[in-house]
Amino acid sequence: MKKLSLLAIVALGVSFASCKKDYTCTCSYSPGAGSATIKIKAASKGAAQANCVSGTRTSTGSYVSTCTLSK
């Protein structure tokens, strides 16, 4: 009986840990280049965070992006 209860608790914990949700990544660009909002659908929090990164870009000119992740 104890093993069955423990197994049920572990299964419940795993189901919450692998939950995929929709996230929104909002980035603002400076100097004065505006902002962008990106929808990330059905992703784990770690995967969404990996796709929503701040940094310095130099592809068409130097600018800094500041991004935040929200549900």
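Trainee: What makes the link of C27 and C67 right-handed?

Mentor: The value about the S-S bond is 110 degrees, and with that value the link of C27 and C67 is right-handed. Keep in mind that this is a predicted model, in which local features need pLDDT of at least 70 and side-chain atom pairs count only at pLDDT 80 or more, while totals for chains, interfaces and linings use all residues. Residues are numbered from 1 along each chain as its sequence is written, and side-chain values use heavy atoms, with hydrogens and water left out.

Trainee: How do you know that C27 and C67 form a disulfide?

Mentor: A disulfide is defined here as a pair of cysteine sulfur atoms within 2.5 Å, and the sulfur atoms of C27 and C67 are 2.0 Å apart, so the pair qualifies.

Trainee: What else is C27 in contact with, leaving aside its neighbours within four places in sequence?

Mentor: Apart from C67, C27 is in contact with S35, A36 and T66, where contact means heavy atoms within 4.5 Å.

Trainee: Why is the disulfide of C25 and C52 called right-handed?

Mentor: The torsion about its S-S bond is about 80 degrees, so this disulfide is right-handed. Its sulfur atoms are 2.1 Å apart, and the pair joins C25 in strand β1 to C52, 27 residues away in the loop between α2 (45–51) and β3 (55–57). The search of the whole structure finds two disulfides, and with the bonded cysteines numbered in sequence order the pairing is 1-3, 2-4.

Trainee: Why is Y63 called partly exposed?

Mentor: Buried means under 20% relative accessible area and exposed over 50%, with partly exposed in between (1.4 Å probe, protein chains only); Y63 is at 22% relative accessibility, so it counts as partly exposed. Y63 lies in strand β4 (residues 63–70). C25 and C52, by contrast, are both buried, as are C27 and C67.

Trainee: What makes a set of residues a nonpolar core, and which residues form the largest one?

Mentor: The set must consist of buried Ala, Val, Leu, Ile, Met, Phe, Trp, Tyr and Cys residues joined through side-chain atoms within 4.5 Å. The largest such core has eight residues, namely Y23, C25, C27, I40, A43, A48, C52 and C67. Two or more of them come from each of β1 (21–30) and β2 (34–43), and β1 gives the most, with three residues.

Methods:
Helix = DSSP H or I, 4+ residues; strand = E, 2+ residues; numbered from the N terminus.
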